[in-house]
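Subject: Structure handover: helix packing and aromatic pairs

Hello,

Here is the structure for you to look over. My notes on it are below.

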Amino acid sequence: MFEISLKEIVTVSMVLFAVIDIVGSIPIIVNLRAKHGHIESEKASIVAGLIMIVFLFVGEEFLSLIGIDVNSFAVAGSFVLFFLALEMILGIHLYRDEEASSASIVPLAFPLIAGAGSMTTLLSLRSEFQTINIIIAIILNILLVYLVLKSSPKIEKMLGKNGLGVIRKAFGVILLAIAVKLFAANVKDLFL
């Protein structure tokens with residue numbers, strides 16, 4: 001039942017890496033660090049990992065308990081990604097959180113790292129792969145997320161302000177495309 005498979009771990013890791021897209025989120029991370037001054041990399045990584053592992057086990061049951069299907073959850077997540085993308089592309093600020101002294105939990109751990117895209121992906125992966133392999137893949141991705149979060153100041157210095165601006169807009173367009181794809185793939189199922 002709990003059979004560890006290197007092939008499954010690599011496959012699931014690659015899928016989660018693409019969905020989490022921590023490299024593409026570097027401009028958002030730098031922007032959040034500029035707004036809030038400090039990002040607690042350990043806290044954000046651990047919380048995101050815990051959210052993903054808990055959701056792997058109870059996600060579908062939790063959503064059905066509150067009367068939400070996976071498609072509705074994915075459509076809602078697509079809106080969050082859409083607005084994050086608009087912030088990146090247009091240079092506007094839609095997200096407001098005056099109370100928070102840090103962006104480590106919201107919006108970094110959730111919904112940026114452990115967001116609707118990764119949640120719905122986890123639910124679909126659960127039907128194809130062994131749970132233990134998915135958990136190992138989540139841990140590997142969270143370690144990578146931690147490394148990127150920890151080295152974001154160095155990445156910022158290396159790219160410079162203009163480089164970050166170009167990357168922010170480019171990845172904003174990619175994030176917008178992911179949001180549209182997530183919306184299109186799930187909205188039709190809401191009306192069937």
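Predicted model: local features only at pLDDT ≥ 70, side-chain atom pairs only at ≥ 80, totals over all residues.

**α3 and α7**

Start with helix α3 (residues 41-65) and helix α7 (residues 131-150). They pack at an angle of about 160°, and their axes are 9 Å apart. The cut-off for roughly antiparallel is over 145 degrees, so α3 counts as roughly antiparallel to α7. The crossing of α3 past α7 is right-handed.

On the α3 side, the contact is made by S41, E42, A44, S45, A48, G49, M52, I53, L56 and F57. On the α7 side, T131, I134, I135, I138, I142, V145, Y146, L149 and K150 take part. Sorted by class, this contact has 13 nonpolar, four polar and two charged residues.

**α4 and α6**

Next, helix α4 (residues 70-90) packs with helix α6 (residues 116-126). The angle is about 155°, with the axes 8 Å apart. α4 and α6 are therefore roughly antiparallel to each other as well. Here the crossing is left-handed.

Four residues of α4 are named in this contact: V70, F73, A74 and G77. They meet A116, M119, T120 and L123 of α6. By class, the contact of α4 with α6 has six nonpolar and two polar residues, and no charged residues.

**Aromatic pairs**

How many aromatic pairs are there? The count comes to two.

One is F79 with F183. Their ring centres are 5.7 Å apart and their planes lie at 65°. Planes over 60 degrees apart count as edge-to-face, so that is the class of this pair. The pair links distant parts of the chain. F79 sits in helix α4, while F183 sits in helix α8 (residues 152-190), and the two are 104 residues apart.

F82 counts as partly exposed, with 29% relative accessibility. F83 is partly exposed as well, with a relative accessible area of 42%.

**To start with**

When you open the model, I would look at the α3 and α7 contact, then at the F79 and F183 pair.

Best wishes

Terms used: Residues numbered from 1 in each chain as written. Heavy atoms only, no water. Axes fitted to C-alpha atoms, helices over the stretch in contact; angles between N-to-C directions. Parallel < 35°, antiparallel > 145°, perpendicular 65-115°, else oblique. Left-handed = near helix turned anticlockwise from the far one by under 90°. Contact = heavy atoms within 4.5 Å. Nonpolar A, V, L, I, M, F, W, Y, C, P; charged D, E, K, R; others polar. Phe/Tyr/Trp six-rings, centres within 6.5 Å; stacked < 30°, edge-to-face > 60°. Buried < 20%, exposed > 50% of the residue type's maximum accessible area, 1.4 Å probe, protein only.
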